Amino acid sequence: LIAFDLDGKTLPSTVPSARVERAAWVGGAGAFVCHVAGPRVRFHAADGSVVAEHEGDFVGLESTRGFAEEAALLRAPADVTVHAPDGALLRTLALAPGQTTSWYHPSAVGPAMLVTYPTGARGSVLATCRYVDAQGATRWETPVGGAGVMGAMISPDGERVAVVVSGGVSLRDGTGAEIASLRLAGGISWLAFDGVGRQLAA
């Protein structure tokens, strides 16, 4: 597994003991995670050394950006575990029986969005968006779904949430109250807040 800086210089590399299926940065200090058979996820320090290994599969990975300061792992069928860049467990989010997830989006201050849906569901499905606090407790939830991506984004400060709904986006505050209903023609392929949470692109 080889990484490069933006000048093309090779950074410390590692030869994993198992086939790496996916890898991603986690945090801003050069730490990264590798998904290997199991499924299991290995947490690596910036020098490539393995600092932790946990059961599970990536949840909410943004393929072009990696993870923020925490990585979420699905331990089917029971729960999602959220870890710091060094692999330390931050919190555990329980899943209801018969539910799974592929979407987790954290803020920079603790709260996060978790989207769950029935296990085995295919195509258009009505999912549930959960706003969870820094301890993992669900503060509010709302249906999510529509054409395109099935998910929700939280602003870096945790004060705004954009939820994909039929016909557009529901913009909500941290309490779950709807601030605006944004009507958008066609499906939504992605949502993103800017770095300070003042603008939303869809």
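Predicted model: local features only at pLDDT ≥ 70, side-chain atom pairs only at ≥ 80, totals over all residues.
Reader: Let us begin with the strands. Which order do the strands of the open sheet of 4 strands take?

Author: The order is β1-β2-β3-β4, and the pairing is antiparallel.

Reader: Which strands stand at the edges of that sheet?

Author: β1 (20–25) and β4 (50–55) do. Each has a single partner strand, so one side of each lacks a neighbour in the sheet. On average, neighbouring strands here are turned by 20° against each other, direction ignored.

Reader: How many bridges join β1 to β2?

Author: The two antiparallel strands are joined by 5 bridges. In one of these pairings, Ala24 has Val33 of β2 as its bridge partner.

Reader: And what lies between β2 and β3? Where is Pro39?

Author: Pro39 sits in the loop that links β2 (32–36) to β3 (40–44). The peptide bond between Gly38 and Pro39 is cis, with omega at about -5°. As background, most peptide bonds are trans.

Reader: A new topic: cysteines. How many disulfides are there?

Author: The count is 0 disulfides.

Reader: Is Cys34 buried or exposed? And what about Cys129, buried or exposed?

Author: Cys34 counts as buried because its relative accessibility is 2%, under the 20% limit. Cys129 is also buried, as its relative accessible area is 0%.

Reader: Which residues have the most contacts inside the largest nonpolar core?

Author: Cys129 is one of them, together with Met113, Val115, Val144, Ala152, Val161 and Leu191. The core has 21 residues. At least two of its residues come from each of β10 (112–118), β11 (127–132), β12 (138–144), β13 (152–154), β14 (160–165) and β15 (168–173).

Reader: Which strand gives the most to this core?

Author: That is β14, with 4 residues. In general, nonpolar side chains of soluble globular proteins tend to be buried together.

Reader: Take Ala152, then. What is Ala152 in contact with, leaving aside its neighbours within four places in sequence?

Author: Ala152 touches Trp103, His105, Met113, Val115, Cys129, Val161, Ala162 and Val163, once those sequence neighbours are set aside.

Reader: I am also curious about Thr142. Where is Thr142 found, and is it buried or exposed?

Author: Thr142 belongs to strand β12. Thr142 is classed as buried because its relative accessibility is 10%, under the 20% limit.

Reader: What polar contact does the side chain of Thr142 make?

Author: The partner is the side chain of Arg172, at 3.4 Å. Beyond neighbours within four places in sequence, Thr142 is in contact with Ala127, Thr128, Cys129, Val163 and Arg172.

Reader: Turning to the hairpin of β7 and β8, how many residues lie between them?

Author: There are 5 residues between the two strands, and Gly87 in the turn has a positive phi of about 90°. Most residues other than glycine have a negative phi. β7 (residues 79–83) and β8 (residues 89–94) pair in the antiparallel sense over 5 bridges, and Asp79 stands opposite Ala94 in β8.

Reader: How many residues apart in sequence are Val196 and Asp157?

Author: They are 39 residues apart in sequence, while their C-alpha atoms are 7.3 Å apart in space.

Notes:
Residues numbered from 1 in each chain as written. Heavy atoms only, no water. Disulfide = S-S within 2.5 Å. Buried < 20%, exposed > 50% of the residue type's maximum accessible area, 1.4 Å probe, protein only. Core = buried A, V, L, I, M, F, W, Y, C linked by side-chain atoms within 4.5 Å. Contact = heavy atoms within 4.5 Å. Polar contact = N/O pair within 3.5 Å; in protein donor to acceptor, adjacent residues only side chain to side chain. Pairing = 2+ DSSP bridges. Axes fitted to C-alpha atoms, helices over the stretch in contact; angles between N-to-C directions.
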